[in-house]
Amino acid sequence: MTSHQLRGRLTDRFAAARERGFVGRRRETAVFESLLARGSGAVLYVYGPGGIGKTTLLHHFARVAGRAGRPGAVLDAREVLHPGGGPAAEPGPGTVLLLDSADAVAPEVLRDELPALLLPDTVTVLAARTAPEPAWRVDPAWHGLLHPMALGPLDAADSGRLLRLRGVREAHEEARTLAFARGHPLALALSADVRAQGGTAGDLAAAGSPADSPQIVQALLDCLLETAPSPLHRTALDACAQVLVTTEPLLAELLDIPDARPVFAWLRTLSAMEYARRGIRPHDLVREALDAELRWRHPDLRAELRRRAGAYYHRLFDDTDLTRQRAVLADYAYLHRESPLVGPLLAPALGPAGHDRMERLTVAPTTAADLGELCALAARHEGADSADLLRIWWSADHPGEAAPPPFAAYTVYEHTRDHGRRIAGCYALVWLTGGVPDAVPDDPAVVAARTWLAGPGGLRAGEQALLVRFWMAADSYQSGSPTQTLITLRLTHHYLTGRRPALTLLPFADPGPWVTGCAYVDFARLPAADFTVAGVRYGVFAHDWRRTPGAAWLRLLTARGATDDPLSVPAPAVEPTRAPPDRAAFTAAVREALRALGRADGLAGSPLLTSRLVRARCAADAGPRERAAALREAIGAAAAELAASVADRRAHRALHHTYLQPAGTQQRAADLLGLPMTTYRRHLAAGTERLTALLWREELEGGTGGGSDRWREGLERGQGQR
């Protein structure tokens, strides 16, 4: 089964589960079906308090539209409408737009930008917590087009049906719950959870009416927390409110227990929990209530749960499974959702509707079949000149198989509910070296980048810089949206794995709004690398991975995410060092270190203790002993990489018996291996050469030192040219 087929089956399963749990709303459904049948444009404005079932109704409308042959998907209104920039989506004929969180968009933006989306037969459904403002009703342009619909509680019959679906069977318990919840769907579901735990909601009428959703939810959560089987189960509820999705291994980490299966199974039984593709998550209103309660009750536990989650994601990112690495980045980003600097950029992707859409997005290398649509996309957002550059890059001759190409393009696809897919965005990567490779287009972005890279702070021998090009979402360009967030996460994955760059250069068409967000993630504004295409000046931000390598960068973001003043947490300090060794000096130092491994203090005077590969593995203030341990670890890791390679295994065995677990003499090592001395020495020389190459690669790709001072000097020089 392909991943596309598997994704389709998962989507179908979630949709079927939602349909089975849906009750009532016959009047609302009839109104929606009548609007579909009219064949003319309409805007249905559904409003009601949190937890009343607006999002559930939107998903139901999507299934109704699908059965009527009208494609539709639930989107966050913030993804689709952008103040000042016009609508970010262009629906085709027959499309049904289902926009959640409409009240998160300014009313004037809704009124001004929404008409551009309405083709003659487009039916749009807006969901918000408050009624449309009077300006909607007095505007003649909206007369006959706008259909306000207040979403109220379920009636007694539908409420009882929902309770029975949730496992409440006793008539007296059903009556008590109906009297309290008064038709509020989320309150009914939570009441069923309380009942399942052996408790009762009691007489909680003082919590308020269904319009007072937060009070109702908080009162019911208090009951649920009181009836949790143990303090561990209560902490599990607190924990799942802190992370994007909860899995069994993650829960074990958050609770600091070896086996979380029983507690995870209990969480799965709760109606307050929803299923996601990679785990479970609490209802949005439940999450807010749990988190707010934990914030004032036990702020230290809240911080510790987030710290444990970050540590777990960090470990998973070291996994070699690319799919797990990419998923972890989304989870890691969620820990920063409250940051005043990057939280607003993440909000459209990490809310319920945004997260649902994120799970339908995938990324794959661009194919020739995509090129025409991607060039049209570039022309729409950046102009014809940018589209021409993308086409030229694509058709340029690349180096042969002996060298990786300097240009790679990727397409973001959104998988639709009918198992099709559409192009949702794209991005491209340009790898730059100190030299000028052949067959590279005359791209203003490359010209500006090379000019800056040739000066202080640029590249040294063997290093590469990664320039991001043509990155955009089809609906939101470079503004916040699920597609834009996914592109950002995939770019981060490119920075941290594979051909890890010494520097990353990231351009924005409108850099102003991104200054603080980029500062949060340690990308500095670099005006000297700005460039102009078709009259648009693109502002460039840069990060020096030599100064703050991947592991240190993730630790920096964790520290910044844990404080209310993130920019007060400085990037790791750069301590003065001697100039980096050249390759010959580095090779000699590795050979000396190998010979010294057998002595307890043999690495104490190694020149490699000030190398970048050692700095990347220990704290900035580490002493000689810690640095020597880090050097041993680096040598051991490189040796393990050789051992895992079939081609290098014989060379590794010679290294192992000579230096790592020395046999005493080379003759004894040769005897252990059953090799003649000449063959043993050939294998040992090959192993030493391969080990040195791996360590040199790490020296170039990670750590601090060397180019860091030059990078800072170059940045300051670039800012002076602003």
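Which classes of residue, nonpolar, polar or charged, make up the lining of the largest cavity?

**Entry 1. Basis.** I worked from a predicted model, in which local features need pLDDT of at least 70, side-chain atom pairs count only at pLDDT 80 or more, and totals for chains, interfaces and linings use all residues. I numbered residues from 1 along each chain as its sequence is written, and side-chain values use heavy atoms, with hydrogens and water left out.

**Entry 2. Cavities.** I took a cavity as a set of points, on a 1 Å grid over the protein atoms alone, where a 1.4 Å probe fits but cannot get out; lining residues have an atom within 4 Å of a point. Grid points are joined across faces, edges and corners, and a volume is the space filled by probe spheres set on the points. I found five cavities of 30 Å³ or more. The largest cavity holds about 530 Å³ of space. Its lining has 26 residues, and those closest to its centre are Val342, Leu346, Thr488, Thr492 and Val521.

I then sorted the lining by class, with Ala, Val, Leu, Ile, Met, Phe, Trp, Tyr, Cys and Pro as nonpolar, Asp, Glu, Lys and Arg as charged, and the others, Gly among them, as polar. The lining of the largest cavity has 20 nonpolar residues, six polar residues and no charged residues.

For the elements I used DSSP runs, numbered from the N terminus: helices (H or I, at least four residues) and strands (E, at least two). Those that each supply at least two residues to this lining are helices H16 (322-334), H17 (343-350), H22 (482-496), H23 (515-520) and H24 (550-561), together with strand E14 (503-508). H22 gives the most, with seven residues.

**Entry 3. Strand E5.** I looked up how far E5 (residues 96-100) is covered, with buried meaning under 20% relative accessible area, exposed over 50%, and partly exposed in between (1.4 Å probe, protein chains only). Five of the five residues of E5 are buried. Val96, Leu98 and Asp100 point one way from the strand, and Leu97 and Leu99 point the other way.

I counted two strands as paired if DSSP finds at least two bridges between them. E5 runs parallel to E2 (residues 72-76), with five bridges, and glycine 72 stands opposite valine 96. E5 also runs parallel to E6 (residues 123-128), with four bridges; here leucine 99 stands opposite leucine 126.

E5, helix H5 (residues 107-113) and E6 make a right-handed β-α-β unit. Right-handed means that, with the strands pointing away from the viewer, the path from the first strand over the helix to the second runs clockwise.

**Entry 4. Cysteines.** I searched for disulfides (a pair of cysteine sulfur atoms within 2.5 Å), and the structure holds zero. For cysteine 375, the nearest cysteine sulfur is that of cysteine 426, 8.9 Å away. Cysteine 375 is buried, at 2% relative accessibility. Cysteine 518 is buried too, at 4%.

**Entry 5. Backbone and loops.** Most residues other than glycine have a negative phi. I noted tyrosine 477 for its positive phi of about 55 degrees. Tyrosine 477 sits in the loop between strand E13 (465-473) and H22 and is buried, at 15% relative accessible area.

Aspartate 522 has a positive phi of about 65 degrees. I placed aspartate 522 in the loop between H23 and strand E15 (524-525), and its 18% relative accessibility counts as buried.

Alanine 528 lies in the loop between E15 and strand E16 (531-533). At 22% relative accessibility, alanine 528 is partly exposed. From alanine 528 to phenylalanine 541 I noted 10.0 Å, C-alpha to C-alpha, at 13 residues apart in sequence.

Technical notes:
On a 1 Å grid over the protein atoms alone, a cavity is a set of points where a 1.4 Å probe fits but cannot get out, and a pocket is an open set with protein on both sides within 12 Å along at least five of seven lines; lining residues have an atom within 4 Å of a point.
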